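The sequence and structure are shown first, and a description follows.

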Amino acid sequence: MERPCCRPRKGPWRLSVSVRNIVFDLGNVVVRWDPALIVARTFGEATATPEFVRSIFAHPLWLELNRGEITEEQAKRAYCSRLGVTTDQIGQLFFHIKNSQTLVPGALELMEQAAAAGLRLFALSDNVHEIVLHLRKTYDFWRYFEGVVISAELGILKPDPRIFTHLLNTFVLEPKETVFLDDLARNVEGARAVGMHAVHFIDAERAAVELEALGVRI
């Protein structure tokens, strides 16, 4: 089966002198992240109301997990108690959290084209230790990243400016030479606040167009 292409191209990208680095978020940029789908697959369609979904993924427990303050097993026990569900149901929840994260159409092509143009690629993600371990075992897109910053390893979540400055300082990146792709507007603004370029990621095709507008051209 042919993989969907992010955008028709007539030739390789030409690298702008001012844009040298692309930083990818993971959820809904490289891999799918759909909390409502996860809840529906675990507890049934009727339960996947916005309120119930938020009670899991916008709850302080989930934020603690993303900051690396608790382990997945600790989170499972806490969710069982708080939601009044069985350990098997919570096990299914975390199974679907991991296994629903399929590749975003066009994401690999976008990364391949950027790497072929000579851009340096990095990842910056609010993410959980155990989820990252699953993604590392499942996908090989990691080979494109020169460096990776994960919130659970730092105890800091986007759009806190400290996570962006950590990325820039660790890999010696100039903000004005760096573009960040994220699906959440608040994180896009967070990157811009520290001097980076940023693209609000909707899909790979539109991201390619916005990158071209920043100087990465066909």
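## Aromatic rings

Phe24, Tyr139, Phe141, Trp142 and Phe145 are linked into a cluster by ring pairs (rings of Phe, Tyr and Trp, the last by its six-membered ring, pair if their centres lie within 6.5 Å; planes under 30 degrees apart count as stacked, over 60 as edge-to-face and the rest as tilted). Arginine 136 lies over the face of tryptophan 142, at 4.3 Å from the ring centre (a charge sits over a ring if NZ of Lys or CZ of Arg is within 6 Å of the ring centre and within 35 degrees of the ring normal).

The structure holds 13 aromatic pairs. In one of them, the ring centres of tryptophan 33 and phenylalanine 57 are 5.4 Å apart with planes at 85 degrees, so the pair is edge-to-face.

## Basis of the model

The model is predicted: local features need pLDDT of at least 70 and side-chain atom pairs count only at pLDDT 80 or more, while totals for chains, interfaces and linings use all residues. Residues are numbered from 1 along each chain as its sequence is written, and side-chain values use heavy atoms, leaving out hydrogens and water.

## The sheet

Five strands form an open sheet in the order S3-S2-S1-S4-S5, with parallel pairing (strands are DSSP runs of E, at least two residues, numbered from the N terminus; two strands pair if DSSP finds at least two bridges between them). The edge strands are S3 (147-150) and S5 (197-200).

Four bridges join strand S1 (residues 21-24) to strand S2 (residues 120-125). Asparagine 21 stands opposite arginine 120 in S2. S4 and S5 are also joined by four bridges, and aspartate 182 stands opposite histidine 200 in S5.
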